[in-house]
Amino acid sequence: MAPAKISVKDLNLYYGDFQALKNVNLEVEENQVTALIGPSGCGKSTFLRTLNRMNDLIEGVRVDGAILLDGRDIYRPEEDVVNLRKRVGMVFQRPNPFPMSVYDNIAYGPRIHGTRNKRKLDEIVEKSLRAAVLWDEVQDRLYKSALGLSGGQQQRVCIARLLAVEPEVLLMDEPTSALDPLATMKIEELIQVLKKEYTIIIVTHNMQQAARVSGVTAFFLSGDLIEYGNTETIFTKPTDQRTEDYITGRFG
Amino acid sequence: MRTRTTFDQALSELKEDILRMGFYVEESISQAVESLAKQDVSLAQSVIDGDVLIDNQETLIEDKCMKLIATQQPLAKDLRRIAAGLMITTDLERMADLACDIAKITRRIADQPLIKPLIDIPRMAEIAQKMVKESLDAYVREDVQLAISMAKDDDLVDSLHNQVFRELLVYMMENPKNINQATALLFASRHLERIADHATNIGERIVYLVTGERKELN
């Protein structure tokens with residue numbers, strides 16, 4: 001196993017009285033794609049959101065346990081959450097570019113973090129769009145609204161927007177569920193490129209996608225982490241019958 | 001709630017198709033060896049003519065497997081089941097080809113008296129057939145133990161083959177006129193030995209299907 005970028009220790013999460021995550025322990029490898037799978041309501045998206053404390057925004061959420069990012073607990077009181085979310089960025093189910101130009105979408109983060117120099121910003125925008133394999137498609141329309149792009153392009157704008165602030169971990173919550181097959185393939189290819197430099201955690205309902213893009217897979221059920229390991233093993237020879245039932249579609 | 005009724009139906013249909021092919025192959029081996037021992041050319045011919053049925057069955061099974069892979073996105077045991085099905089089909093088809101080759105040997109040496117009554121070759125055939133039958137039983141019942149014990153018989157077939165080889169060597173040394181027929185019979189023996197190897201392969205596929213482990217059986 002590669003070194004752990006994130007170590008989750010005895011993590012419990014409650015929405016009021018409801019326990020959504022039950023004593024989850026997991027090590028996320030650096031520069032690896034980890035897929036989180038499981039039926040709706042199993043806690044996988046909740047788990048994903050604990051990794052950059054997006055659940056803090058939901059009322060009545062209580063978390064205990066620890067999540068160590070490079071060995072430091074992100075839930076310790078003095079953690080700077082804004083900085084955390086810069087290091088651990090997120091891509092959502094539906095592309096959500098800001099209603100502004102492609103350029104301004106990408107430059108938004110760096111500007112907030114204090115970059116004002118035009119040349120420096122140009123550089124960041126180009127580099128980020130290239131890294132998101134979008135540059136060739138949008139270089140002629142950088143100053144037009146990002147909302148005019150196709151769904152797949154918008155999703156890559158969102159990824160480029162993340163990359164502009166130089167994150168370390170990318171969280172992807174069903175990043176292709178609103179995209180057509182071609183755009184989906186482009187995002188999947190992009191994930192393969194990005195994993196060389198980033199640690200990626202992806203939630204997906206598409207088993208084949210999990211099998212294609214990830215090296216490690218974690219299966220959640222009713223808030224429990226049931227099985228966790230090498231993706232190939234999980235999809236050809238899972239250990240737990242519940243995993244087998246889920247991935248072969250014989251659930252319930 | 002059963003969530004994949006159609007898929008499950010297709011899988012059990014696939015199993016029946018493979019079994020049917022297995023029965024054809026068993027029949028083909030048994031008739032080929034009988035034709036050899038009795039020098040029955042018309043029986044040999046019917047084995048050779050029947051091979052096309054087995055080939056068609058193989059194509060049918062392959063097409064069904066491809067379709068299931070393309071449309072059902074099988075994973076875990078489903079995936080192993082289909083992969084094992086494809087491989088078992090290939091082994092069965094090879095066995096049928098070998099049975100055909102034995103039938104062709106019958107045809108070739110039918111006009112000459114046998115240099116000796118055939119004893120070991122029919123015994124090999126008996127064991128090989130039993131292996132084929134047991135491998136199919138093991139497949140149907142997903143019985144790993146039976147698959148493993150079946151494959152042990154491969155040793156018997158191998159040692160009979162060696163015995164046949166030594167015996168035919170003596171006949172060839174005694175009289176060079178025997179060489180033609182002895183070589184033909186040696187090939188028949190070799191084909192039976194290969195049939196038993198394919199049965200062993202099927203055993204290995206079954207172990208993989210059930211456990212996900214690859215295990216060398218013999």
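This is a predicted model: local features need pLDDT of at least 70, side-chain atom pairs count only at pLDDT 80 or more; totals for chains, interfaces and linings use all residues.
**Entry 1**

I began with the strands of chain A. As a reminder to myself, strands of a sheet pair through backbone hydrogen bonds.

**Entry 2**

Next I looked up how strand 1 (residues 4-15) of chain A meets strand 2 of chain A: they run antiparallel and are joined by 8 bridges. Here I found A:Tyr14 opposite A:Gln19 of strand 2. The hairpin of these two strands has 2 residues between them, and A:Gly16 in this hairpin has a positive phi near 60°.

Then I turned to strand 5 of chain A. How many bridges does strand 4 (residues 61-69) of chain A share with strand 5? I found 2 bridges, again in the antiparallel sense. A:Leu69 has A:Arg72 of strand 5 as its bridge partner.

**Entry 1: the nonpolar cores**

I moved on to the largest nonpolar core, which has 67 residues. The members that touch the most others are B:Val25, B:Leu36, B:Leu92, B:Met95, B:Leu192 and B:Ile195. Which helices of chain B supply at least two residues each? My list reads helix 1 (5-38), helix 2 (41-72), helix 3 (76-109), helix 4 (120-141), helix 5 (144-152), helix 6 and helix 7.

Setting aside neighbours within four places in sequence, I found B:Ile195 in contact with B:Ile29, B:Met95, B:Leu98, B:Ala99, B:Ala128 and B:Val132. Apart from this core lies another, of 47 residues, with A:Ile37, A:Ile124, A:Leu194 and A:Tyr198 among them.

**Entry 2: B:Thr200, buried or exposed?**

I found B:Thr200 in helix 7 (residues 179-211) of chain B. B:Thr200 counts as buried because its relative accessibility is 2%, and the cut-off for buried is under 20%. Not counting residues up to four places away in sequence, B:Thr200 touches B:Met131, B:Ala151, B:Asp154, B:Leu217 and B:Asn218.

**Entry 3: a patch on the surface**

Last, I looked at the outside of chain B. There B:Phe165, B:Leu169, B:Val170 and B:Met173 form a nonpolar patch, with about 360 Å² of accessible area together. I placed B:Leu169 in helix 6 (residues 154-174) of chain B. B:Leu169 has 33% relative accessibility, so I noted this residue as partly exposed.

Note on methods:
Residues are numbered from 1 along each chain as its sequence is written. Chains are lettered from A and ligands numbered from 1 in the order in which they are written. Side-chain values use heavy atoms; hydrogens and water are left out. Patches are made of residues with over 30% relative accessible area and no salt bridge: like charges are joined within 9 Å, nonpolar side chains (Val, Leu, Ile, Met, Phe, Trp, Tyr) within 5 Å. Accessible areas come from the Shrake-Rupley method with a 1.4 Å probe; for residues, only the protein chains shown count as cover. A salt bridge is a side-chain nitrogen of Lys or Arg within 4 Å of a carboxyl oxygen of Asp or Glu. Helices (H or I, at least four residues) and strands (E, at least two) are DSSP runs, numbered from the N terminus. Buried means under 20% relative accessible area, exposed over 50%, partly exposed in between (1.4 Å probe, protein chains only). Two strands pair if DSSP finds at least two bridges between them. Contact means heavy atoms within 4.5 Å. A nonpolar core is a set of buried Ala, Val, Leu, Ile, Met, Phe, Trp, Tyr and Cys residues joined through side-chain atoms within 4.5 Å.
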